[in-house]
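Open the model in your viewer and keep the selection panel at hand.

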Amino acid sequence: MFSHLEPLPADPILGLSALFKADTNPSKVDLGVGVYRTDAGETPIMKAIQAAYERLVANEGSKVYIAPTGWPGFTDAAAELALGVALKDKLKGQYGAIQTPGGCGALRLGFELIKHSAPETTVWVSNPTWANHVPTIKAADLTTAVYRYYDRASTSIDIDGMLEDLKDAKAGDMVLLHASCHNPTGADLDLAQWGKVIELIGERGLVPFLDMAYQGFAQGIEEDAEPIRQVFETLPEAVLSYSCSKNFGLYRERTGCLIVKSNGQDAEKALVTNMARLARENYSMPPSHGAALMTTVMEDADLRAMWQAELTEMRDRVNGLRRTLADSLTQKGFGDRFGAVATQTGMFSLLNLSPEEVAALQKDHAIYFPANGRINVAGLTQANIPYVADAVASVV
Ligand SMILES: Cc1ncc(COP(=O)(O)O)c(C=O)c1O
(Lines give C-alpha, C1' and ligand atoms only; values in the text may rest on other atoms or scores of the structure.)
Protein backbone atom coordinates (compact mmCIF):
# COMPACT_ATOMS: atom_id res chain seq x y z
CA MET A 1 0.00 0.00 0.00
CA PHE A 2 2.63 2.53 0.93
CA SER A 3 5.79 1.19 -0.67
CA HIS A 4 5.45 3.42 -3.76
CA LEU A 5 5.42 6.65 -1.70
CA GLU A 6 8.46 8.84 -2.28
CA PRO A 7 9.83 11.26 0.32
CA LEU A 8 8.63 14.79 -0.36
CA PRO A 9 10.88 17.86 -0.39
CA ALA A 10 10.99 19.80 2.89
CA ASP A 11 8.42 22.58 3.30
CA PRO A 12 10.32 25.64 2.00
CA ILE A 13 9.96 27.65 5.21
CA LEU A 14 10.36 24.79 7.71
CA GLY A 15 13.32 23.57 5.63
CA LEU A 16 14.94 26.98 6.04
CA SER A 17 14.59 26.75 9.83
CA ALA A 18 16.59 23.51 9.80
CA LEU A 19 19.31 25.10 7.66
CA PHE A 20 19.36 28.13 9.98
CA LYS A 21 19.80 25.93 13.06
CA ALA A 22 22.73 24.12 11.45
CA ASP A 23 24.50 27.38 10.41
CA THR A 24 27.47 28.19 12.68
CA ASN A 25 27.83 31.85 11.58
CA PRO A 26 27.49 33.87 14.85
CA SER A 27 25.84 36.76 12.94
CA LYS A 28 23.08 34.58 11.44
CA VAL A 29 19.57 36.06 11.25
CA ASP A 30 16.35 34.04 10.92
CA LEU A 31 13.66 35.96 9.03
CA GLY A 32 11.83 32.83 7.88
CA VAL A 33 9.08 31.22 9.90
CA GLY A 34 6.27 33.61 10.90
CA VAL A 35 6.33 33.75 14.67
CA TYR A 36 6.66 36.79 16.91
CA ARG A 37 10.05 37.20 18.57
CA THR A 38 11.47 39.45 21.25
CA ASP A 39 14.80 41.25 20.95
CA ALA A 40 16.33 38.16 22.57
CA GLY A 41 14.97 36.07 19.69
CA GLU A 42 12.44 34.31 21.91
CA THR A 43 8.71 33.63 21.54
CA PRO A 44 7.65 33.66 25.19
CA ILE A 45 4.28 32.67 26.63
CA MET A 46 2.27 35.90 27.06
CA LYS A 47 1.94 36.93 30.72
CA ALA A 48 -1.87 36.87 30.73
CA ILE A 49 -1.84 33.39 29.15
CA GLN A 50 0.65 32.19 31.78
CA ALA A 51 -1.60 33.53 34.56
CA ALA A 52 -4.65 31.87 32.98
CA TYR A 53 -2.65 28.64 32.72
CA GLU A 54 -1.89 28.65 36.43
CA ARG A 55 -5.59 29.12 37.23
CA LEU A 56 -6.58 26.39 34.82
CA VAL A 57 -4.13 23.85 36.24
CA ALA A 58 -5.49 24.55 39.72
CA ASN A 59 -9.15 24.21 38.70
CA GLU A 60 -9.56 22.05 35.59
CA GLY A 61 -10.14 18.76 37.42
CA SER A 62 -11.12 16.66 34.36
CA LYS A 63 -9.96 15.81 30.89
CA VAL A 64 -13.34 14.56 29.73
CA TYR A 65 -14.31 15.51 26.14
CA ILE A 66 -15.51 19.02 25.42
CA ALA A 67 -18.45 19.69 23.06
CA PRO A 68 -17.80 19.57 19.28
CA THR A 69 -18.36 23.36 19.25
CA GLY A 70 -15.51 23.80 21.72
CA TRP A 71 -14.71 25.16 25.17
CA PRO A 72 -17.71 26.91 26.77
CA GLY A 73 -17.58 30.62 26.03
CA PHE A 74 -14.73 30.39 23.52
CA THR A 75 -16.65 30.98 20.29
CA ASP A 76 -18.46 33.87 21.96
CA ALA A 77 -15.15 35.41 23.04
CA ALA A 78 -13.73 35.02 19.52
CA ALA A 79 -16.90 36.47 17.95
CA GLU A 80 -16.72 39.39 20.38
CA LEU A 81 -13.15 40.18 19.34
CA ALA A 82 -13.88 39.86 15.64
CA LEU A 83 -17.34 41.41 15.43
CA GLY A 84 -17.44 43.60 18.53
CA VAL A 85 -20.16 43.25 21.17
CA ALA A 86 -22.82 45.31 19.39
CA LEU A 87 -22.65 43.54 16.02
CA LYS A 88 -22.29 40.13 17.66
CA ASP A 89 -25.53 40.75 19.54
CA LYS A 90 -27.25 42.21 16.50
CA LEU A 91 -26.39 39.18 14.37
CA LYS A 92 -27.36 36.63 17.02
CA GLY A 93 -29.09 33.71 15.30
CA GLN A 94 -27.72 34.64 11.87
CA TYR A 95 -24.26 33.18 12.33
CA GLY A 96 -22.80 29.92 13.56
CA ALA A 97 -19.42 29.49 15.22
CA ILE A 98 -17.30 26.48 16.07
CA GLN A 99 -13.90 26.12 17.71
CA THR A 100 -11.27 24.64 15.40
CA PRO A 101 -7.69 23.38 15.65
CA GLY A 102 -6.00 26.71 14.83
CA GLY A 103 -6.69 29.07 11.96
CA CYS A 104 -5.67 26.29 9.56
CA GLY A 105 -8.41 24.09 10.99
CA ALA A 106 -10.92 26.91 10.50
CA LEU A 107 -9.83 27.39 6.90
CA ARG A 108 -10.09 23.69 6.12
CA LEU A 109 -13.45 23.27 7.84
CA GLY A 110 -14.74 26.42 6.13
CA PHE A 111 -13.74 25.14 2.69
CA GLU A 112 -15.26 21.74 3.46
CA LEU A 113 -18.51 23.44 4.43
CA ILE A 114 -18.48 25.29 1.12
CA LYS A 115 -17.77 22.06 -0.77
CA HIS A 116 -20.63 20.41 1.10
CA SER A 117 -23.06 23.27 0.53
CA ALA A 118 -22.07 24.63 -2.90
CA PRO A 119 -19.63 22.19 -4.55
CA GLU A 120 -19.17 24.19 -7.75
CA THR A 121 -17.77 27.24 -5.96
CA THR A 122 -14.53 28.78 -7.21
CA VAL A 123 -12.42 30.42 -4.52
CA TRP A 124 -10.59 33.56 -5.64
CA VAL A 125 -7.26 34.18 -3.93
CA SER A 126 -4.94 37.18 -4.00
CA ASN A 127 -1.70 37.16 -5.96
CA PRO A 128 0.29 36.45 -3.89
CA THR A 129 -1.34 34.77 -0.94
CA TRP A 130 -0.22 32.73 2.06
CA ALA A 131 1.44 29.52 0.81
CA ASN A 132 -1.03 27.28 2.65
CA HIS A 133 -4.22 28.78 1.21
CA VAL A 134 -4.33 27.15 -2.22
CA PRO A 135 -3.31 23.66 -0.99
CA THR A 136 -6.02 23.85 1.71
CA ILE A 137 -8.69 24.90 -0.79
CA LYS A 138 -7.64 22.15 -3.19
CA ALA A 139 -7.61 19.58 -0.40
CA ALA A 140 -11.31 20.39 0.08
CA ASP A 141 -11.75 19.68 -3.65
CA LEU A 142 -12.65 23.25 -4.62
CA THR A 143 -11.34 25.18 -7.61
CA THR A 144 -9.20 28.31 -7.28
CA ALA A 145 -8.78 31.45 -9.35
CA VAL A 146 -6.41 34.36 -8.80
CA TYR A 147 -7.04 38.10 -8.54
CA ARG A 148 -4.34 40.75 -8.82
CA TYR A 149 -3.43 42.23 -5.45
CA TYR A 150 0.15 43.34 -4.94
CA ASP A 151 2.27 45.11 -7.51
CA ARG A 152 5.89 44.27 -6.72
CA ALA A 153 7.32 47.04 -8.87
CA SER A 154 5.46 49.84 -7.06
CA THR A 155 5.33 47.90 -3.73
CA SER A 156 1.66 48.81 -3.43
CA ILE A 157 -1.79 47.29 -3.85
CA ASP A 158 -3.17 47.13 -7.39
CA ILE A 159 -6.75 47.94 -6.40
CA ASP A 160 -7.88 48.60 -9.96
CA GLY A 161 -6.49 45.26 -11.12
CA MET A 162 -8.10 43.53 -8.15
CA LEU A 163 -11.55 44.96 -8.87
CA GLU A 164 -11.22 44.25 -12.57
CA ASP A 165 -10.30 40.60 -11.95
CA LEU A 166 -13.11 40.08 -9.44
CA LYS A 167 -15.58 41.26 -12.08
CA ASP A 168 -14.87 37.92 -13.80
CA ALA A 169 -16.09 35.96 -10.77
CA LYS A 170 -19.52 34.37 -11.18
CA ALA A 171 -22.32 34.82 -8.66
CA GLY A 172 -21.80 32.48 -5.73
CA ASP A 173 -17.99 32.43 -6.07
CA MET A 174 -15.97 33.03 -2.96
CA VAL A 175 -13.35 35.75 -2.44
CA LEU A 176 -10.65 34.93 0.08
CA LEU A 177 -9.40 38.14 1.74
CA HIS A 178 -6.81 38.68 4.48
CA ALA A 179 -8.63 40.68 7.15
CA SER A 180 -5.42 42.45 8.21
CA CYS A 181 -1.64 42.04 7.99
CA HIS A 182 -1.66 40.42 4.56
CA ASN A 183 0.67 37.43 4.40
CA PRO A 184 3.15 37.55 2.64
CA THR A 185 3.09 41.19 1.50
CA GLY A 186 2.21 43.19 4.65
CA ALA A 187 0.10 45.42 2.35
CA ASP A 188 -3.49 45.90 3.55
CA LEU A 189 -6.43 47.52 1.80
CA ASP A 190 -7.36 50.83 3.39
CA LEU A 191 -10.97 51.37 4.47
CA ALA A 192 -11.90 53.17 1.25
CA GLN A 193 -10.53 50.24 -0.77
CA TRP A 194 -12.38 47.77 1.48
CA GLY A 195 -15.53 49.76 0.75
CA LYS A 196 -15.06 49.26 -3.00
CA VAL A 197 -14.33 45.54 -2.61
CA ILE A 198 -17.37 45.01 -0.37
CA GLU A 199 -19.56 46.91 -2.82
CA LEU A 200 -18.39 44.78 -5.73
CA ILE A 201 -18.86 41.56 -3.75
CA GLY A 202 -22.41 42.65 -2.91
CA GLU A 203 -23.27 43.72 -6.46
CA ARG A 204 -21.96 40.51 -8.02
CA GLY A 205 -23.45 38.14 -5.46
CA LEU A 206 -20.03 36.83 -4.37
CA VAL A 207 -19.32 35.54 -0.86
CA PRO A 208 -16.34 36.82 1.17
CA PHE A 209 -14.10 34.52 3.21
CA LEU A 210 -12.01 36.59 5.59
CA ASP A 211 -8.88 35.06 7.08
CA MET A 212 -7.91 36.81 10.32
CA ALA A 213 -4.65 35.52 11.77
CA TYR A 214 -3.19 38.76 13.17
CA GLN A 215 -5.87 40.82 14.94
CA GLY A 216 -4.12 43.56 16.90
CA PHE A 217 -0.87 43.51 14.93
CA ALA A 218 -1.73 46.24 12.40
CA GLN A 219 -3.34 49.30 14.07
CA GLY A 220 -5.07 47.86 17.13
CA ILE A 221 -7.62 45.24 18.16
CA GLU A 222 -10.66 47.34 17.24
CA GLU A 223 -9.20 49.03 14.17
CA ASP A 224 -8.01 45.74 12.65
CA ALA A 225 -11.48 44.24 13.01
CA GLU A 226 -13.18 47.06 11.07
CA PRO A 227 -13.17 45.27 7.68
CA ILE A 228 -14.67 42.14 9.29
CA ARG A 229 -17.39 44.24 10.90
CA GLN A 230 -18.21 46.03 7.65
CA VAL A 231 -18.40 42.74 5.78
CA PHE A 232 -20.59 41.00 8.38
CA GLU A 233 -22.80 44.07 8.78
CA THR A 234 -23.30 44.69 5.07
CA LEU A 235 -23.35 41.36 3.28
CA PRO A 236 -25.94 38.57 3.65
CA GLU A 237 -23.37 35.77 3.80
CA ALA A 238 -19.78 35.72 4.99
CA VAL A 239 -17.16 33.36 6.40
CA LEU A 240 -14.40 34.15 8.90
CA SER A 241 -11.50 31.97 9.96
CA TYR A 242 -9.99 33.28 13.17
CA SER A 243 -6.61 32.29 14.59
CA CYS A 244 -5.43 32.87 18.17
CA SER A 245 -1.94 31.62 17.33
CA LYS A 246 -0.23 34.99 16.99
CA ASN A 247 -2.27 37.48 19.01
CA PHE A 248 -2.55 35.18 22.05
CA GLY A 249 0.79 33.46 21.37
CA LEU A 250 -0.99 30.08 21.44
CA TYR A 251 0.66 28.65 18.30
CA ARG A 252 1.11 25.03 19.37
CA GLU A 253 -2.16 24.87 21.26
CA ARG A 254 -4.01 25.00 17.92
CA THR A 255 -6.68 27.51 18.82
CA GLY A 256 -9.00 28.92 16.18
CA CYS A 257 -12.61 29.57 15.31
CA LEU A 258 -14.81 29.36 12.23
CA ILE A 259 -17.66 31.88 12.06
CA VAL A 260 -20.19 31.73 9.22
CA LYS A 261 -23.07 34.10 8.56
CA SER A 262 -26.01 32.98 6.44
CA ASN A 263 -29.34 34.43 5.45
CA GLY A 264 -31.05 31.03 5.55
CA GLN A 265 -33.81 29.79 7.86
CA ASP A 266 -32.70 28.81 11.36
CA ALA A 267 -29.21 29.87 10.32
CA GLU A 268 -27.30 29.40 13.56
CA LYS A 269 -28.55 25.87 14.16
CA ALA A 270 -28.14 24.81 10.54
CA LEU A 271 -24.58 26.15 10.39
CA VAL A 272 -23.40 24.84 13.74
CA THR A 273 -24.81 21.33 13.26
CA ASN A 274 -23.32 21.07 9.77
CA MET A 275 -19.93 22.35 10.91
CA ALA A 276 -19.99 19.98 13.90
CA ARG A 277 -20.80 17.05 11.58
CA LEU A 278 -17.84 17.90 9.33
CA ALA A 279 -15.57 18.28 12.36
CA ARG A 280 -16.81 14.94 13.73
CA GLU A 281 -15.81 13.23 10.49
CA ASN A 282 -12.37 14.83 10.64
CA TYR A 283 -11.12 15.04 14.20
CA SER A 284 -14.34 14.78 16.24
CA MET A 285 -13.75 17.72 18.54
CA PRO A 286 -11.09 20.36 19.03
CA PRO A 287 -8.40 20.37 21.73
CA SER A 288 -9.47 22.33 24.81
CA HIS A 289 -6.35 23.82 26.32
CA GLY A 290 -5.65 26.91 24.17
CA ALA A 291 -9.33 27.83 23.98
CA ALA A 292 -9.66 27.51 27.76
CA LEU A 293 -6.71 29.88 28.20
CA MET A 294 -8.01 32.43 25.68
CA THR A 295 -11.51 32.34 27.22
CA THR A 296 -10.11 32.77 30.73
CA VAL A 297 -8.19 35.84 29.58
CA MET A 298 -11.15 37.33 27.74
CA GLU A 299 -13.58 36.81 30.63
CA ASP A 300 -11.35 38.41 33.29
CA ALA A 301 -10.96 42.20 33.11
CA ASP A 302 -7.45 42.22 34.64
CA LEU A 303 -6.08 39.45 32.44
CA ARG A 304 -7.70 41.03 29.40
CA ALA A 305 -6.05 44.38 30.13
CA MET A 306 -2.72 42.61 30.64
CA TRP A 307 -3.13 40.81 27.30
CA GLN A 308 -4.05 44.02 25.46
CA ALA A 309 -1.01 45.82 26.88
CA GLU A 310 1.32 43.03 25.84
CA LEU A 311 -0.19 42.86 22.36
CA THR A 312 0.31 46.62 22.04
CA GLU A 313 3.95 46.18 23.05
CA MET A 314 4.39 43.48 20.38
CA ARG A 315 2.78 45.63 17.71
CA ASP A 316 4.89 48.65 18.66
CA ARG A 317 8.06 46.58 18.58
CA VAL A 318 7.37 45.27 15.07
CA ASN A 319 6.38 48.71 13.78
CA GLY A 320 9.57 50.20 15.28
CA LEU A 321 11.65 47.54 13.52
CA ARG A 322 9.83 48.33 10.27
CA ARG A 323 10.75 52.00 10.49
CA THR A 324 14.38 51.32 11.43
CA LEU A 325 14.84 48.82 8.59
CA ALA A 326 13.26 51.15 6.01
CA ASP A 327 15.39 54.09 7.23
CA SER A 328 18.58 52.03 7.24
CA LEU A 329 17.98 50.86 3.68
CA THR A 330 17.13 54.39 2.52
CA GLN A 331 20.45 55.56 4.04
CA LYS A 332 22.21 52.90 1.96
CA GLY A 333 21.06 54.82 -1.12
CA PHE A 334 18.08 52.71 -2.12
CA GLY A 335 15.72 55.69 -2.32
CA ASP A 336 12.16 54.48 -1.83
CA ARG A 337 12.77 50.91 -3.00
CA PHE A 338 12.14 49.50 0.50
CA GLY A 339 10.17 52.48 1.86
CA ALA A 340 6.86 50.61 2.01
CA VAL A 341 8.27 48.31 4.72
CA ALA A 342 7.80 51.18 7.19
CA THR A 343 4.04 51.46 6.67
CA GLN A 344 3.11 47.86 5.92
CA THR A 345 1.55 45.89 8.75
CA GLY A 346 1.92 42.70 10.71
CA MET A 347 4.76 40.29 10.75
CA PHE A 348 5.61 40.22 7.06
CA SER A 349 6.93 42.27 4.18
CA LEU A 350 7.82 41.14 0.72
CA LEU A 351 11.25 42.67 0.11
CA ASN A 352 11.84 43.95 -3.36
CA LEU A 353 14.70 41.48 -4.03
CA SER A 354 15.29 38.84 -6.71
CA PRO A 355 15.55 35.13 -5.77
CA GLU A 356 19.30 35.36 -6.61
CA GLU A 357 19.75 38.26 -4.17
CA VAL A 358 17.85 36.31 -1.48
CA ALA A 359 20.11 33.29 -2.13
CA ALA A 360 23.24 35.48 -1.82
CA LEU A 361 22.00 36.89 1.50
CA GLN A 362 21.69 33.34 2.80
CA LYS A 363 24.97 32.04 1.38
CA ASP A 364 27.23 35.01 2.09
CA HIS A 365 25.58 36.58 5.16
CA ALA A 366 23.59 33.79 6.86
CA ILE A 367 20.34 35.78 6.58
CA TYR A 368 17.52 33.29 6.04
CA PHE A 369 14.16 33.90 4.37
CA PRO A 370 12.28 32.32 1.45
CA ALA A 371 13.12 33.01 -2.19
CA ASN A 372 10.00 35.12 -2.76
CA GLY A 373 11.57 37.79 -0.51
CA ARG A 374 9.14 37.46 2.41
CA ILE A 375 10.74 38.47 5.69
CA ASN A 376 9.39 37.98 9.19
CA VAL A 377 10.02 41.51 10.48
CA ALA A 378 9.76 40.26 14.07
CA GLY A 379 12.92 38.21 13.46
CA LEU A 380 14.91 41.46 13.23
CA THR A 381 16.30 43.31 16.25
CA GLN A 382 17.38 46.95 16.55
CA ALA A 383 20.91 45.50 16.99
CA ASN A 384 20.99 43.32 13.86
CA ILE A 385 19.31 45.74 11.43
CA PRO A 386 22.61 47.51 10.50
CA TYR A 387 24.10 44.08 9.65
CA VAL A 388 21.05 43.20 7.53
CA ALA A 389 21.07 46.59 5.76
CA ASP A 390 24.81 46.27 4.98
CA ALA A 391 24.23 42.76 3.65
CA VAL A 392 21.35 43.87 1.41
CA ALA A 393 23.51 46.71 0.06
CA SER A 394 26.32 44.26 -0.70
CA VAL A 395 24.19 41.79 -2.69
CA VAL A 396 22.04 44.23 -4.67
C1 LIG B 1 -2.69 34.22 6.65
C2 LIG B 1 -2.72 33.13 7.66
N3 LIG B 1 -3.86 32.46 7.85
C4 LIG B 1 -3.96 31.48 8.74
C5 LIG B 1 -2.89 31.10 9.51
C6 LIG B 1 -3.14 29.97 10.44
O7 LIG B 1 -2.50 29.91 11.61
P8 LIG B 1 -2.70 28.77 12.66
O9 LIG B 1 -3.26 27.55 12.00
O10 LIG B 1 -1.33 28.54 13.19
O11 LIG B 1 -3.64 29.30 13.69
C12 LIG B 1 -1.66 31.78 9.35
C13 LIG B 1 -0.47 31.40 10.12
O14 LIG B 1 0.65 31.66 9.79
C15 LIG B 1 -1.59 32.81 8.40
O16 LIG B 1 -0.47 33.50 8.20
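In which segment does Met1 lie? Select Met1: it lies in the segment before helix 1 (12–22), helices being DSSP runs of H or I of at least four residues and strands runs of E of at least two, numbered from the N terminus. This is a predicted model, where local features need pLDDT of at least 70, side-chain atom pairs count only at pLDDT 80 or more, and totals for chains, interfaces and linings use all residues. Residues are numbered from 1 along each chain as its sequence is written, and side-chain values use heavy atoms, with hydrogens and water left out.

Met1 is exposed, with a relative accessible area of 78% (exposed is over 50%, buried under 20%, partly exposed in between; 1.4 Å probe, protein chains only).

Next, select Phe232, Phe248, Met294 and Trp307. Of the 100 residues in the largest nonpolar core, these touch the most other members; such a core is a set of buried Ala, Val, Leu, Ile, Met, Phe, Trp, Tyr and Cys residues joined through side-chain atoms within 4.5 Å. Helix 12 (residues 301–334) supplies the largest share of this core, 10 residues.

Stay on Trp307 and show its contacts (heavy atoms within 4.5 Å). Leaving aside residues up to four places away in sequence, Trp307 touches Met46, Ala48, Leu81, Ile221, Asn247, Phe248, Val297 and Met298. Another core, of 25 residues, lies apart from the largest one; Phe111, Val239, Leu258 and Leu271 are among its members.

Finally, select everything. The protein chain has 14 helices and 13 strands, and buried residues make up 55% of its 396 residues.
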